[in-house]
Amino acid sequence: MSPHVHSGDSVGKNMYGVLIALIPALLCSFIFFGLGAIEVTLVSVASCVFFEWAINKYMLKNPQSTVCDGSAILTGVLLAFNLPSNLPLWIVILGALFAIGVVKMTFGGIGCNLFNPALAGRAFLLISFPVQMTTWPKPTLGFTTIADAAIDGHTGATPLALMQQAVKTGDASLLNDLPTSFEMLIGKTGGAMGEVCAIAILIGLIYMLVRRIITWHIPVSILATVAVCSGLLNWANPMYAPPVVQLASGGLMLGAVFMATDYVTSPMSKKGQIVYGVAIGFLTIVIRTWGAYPEGMSFAILIMNAFTPLINNYFKPKRFGEVKK
């Protein structure tokens, strides 16, 4: 018997570890968006699990189902985190079908997908249902249903929309209408369910770093790049939002911590992960500043998902026992 020592890691252990790290952000979404957030999350998770089970059983004829490894549950939670809490449930189901059926299972299931399923599901829904996907409910400390959250009085502009409007009009005074940095950190701002409370996401990041579920290379390189780029823009012209606002707004924290660090769609080497993170941070600022859509994090990650095989090919880890000539 070979004298190998097993690390104890497994797909299921890591998937459920990430789910534990998502609990603070999940609780915050329930607190701020009420029953609508609970309904969207439950439908998203149930749909992802069902579609993965059904495709495995009836289409792939796979006797070993992957439903219990936690990956479908994680996809469902992350997809819900990228949606408004007032989104009609039938649209949530369509997003889950696209994420699992098209993006994940078409390529062979877990470990084979090229793009992050949850982000691809969000991009699909954004293109297909732009009005519903950009109607953001305001956070309220109460249990509002999806119907209540859809009322115009309960919806409003997000910080990203105000930042984009300031750039397009050249009016820096519009930034005065932004929530304070503290309000954005605690989640008192409009947006997708899982992205509004930066502190909850940072708690999840610390947990995953301590448990060594992920390393620091991707999230830190993304956040540092965004801070530097936005700082330079703000220094050149005050109509561009300062770094703290960029970091705490939109899906930046959520994407940097939970999306970009996906094992399957991110580079394997440490150097490759840093290059990957820097590129995501740069693209995010470019899209947020000059793009047609206020949020650039999702598209930046999906673009770099496509470049991950090239990054892996260029930044190859050193083989054990290799001696350079």
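**Exercise 1.** In this predicted model, work out how far apart the end C-alpha atoms of helix α1 are, and how that sits against a straight helix.

*Solution.* Start with the length: α1 covers residues 11-59, which makes 49 residues. At 1.5 Å a residue, a straight helix would reach 72 Å. Now look at the ends of α1: their C-alpha atoms are only 23 Å apart, so α1 falls short of that span. Finally, step past the end of the helix: K61 follows α1, and its phi is positive, near 55°.

**Exercise 2.** Find Q273 and decide: is Q273 buried or exposed?

*Solution.* Then check its relative accessible area, which is 9%. The cut-off for buried is under 20%, so Q273 counts as buried. Now for its surroundings. Leaving aside residues up to four places away in sequence, Q273 touches T215, H217, I218, S221, P267 and M268.

**Exercise 3.** Describe how α10 and α13 pack.

*Solution.* For α10 (residues 217-236) and α13, the angle is about 35° and the axes are 7 Å apart. The crossing is right-handed. Now see who makes the contact: α10 brings residues including H217, I218 and S221, while α13 brings Q273 among others, including I274 and G277. Last, sort the contact by class: twelve residues are nonpolar, eight polar and one charged.

Methods
Residues are numbered from 1 along each chain as its sequence is written. This is a predicted model: local features need pLDDT of at least 70, side-chain atom pairs count only at pLDDT 80 or more; totals for chains, interfaces and linings use all residues. Side-chain values use heavy atoms; hydrogens and water are left out. Helices (H or I, at least four residues) and strands (E, at least two) are DSSP runs, numbered from the N terminus. Buried means under 20% relative accessible area, exposed over 50%, partly exposed in between (1.4 Å probe, protein chains only). Contact means heavy atoms within 4.5 Å. Axes are lines fitted to C-alpha atoms, for helices over the stretch in contact, and angles run from 0 to 180 degrees between N-to-C directions. A crossing is left-handed if the near helix is turned anticlockwise from the far one by less than a right angle, and right-handed if clockwise. Ala, Val, Leu, Ile, Met, Phe, Trp, Tyr, Cys and Pro count as nonpolar, Asp, Glu, Lys and Arg as charged, and the others, Gly among them, as polar.
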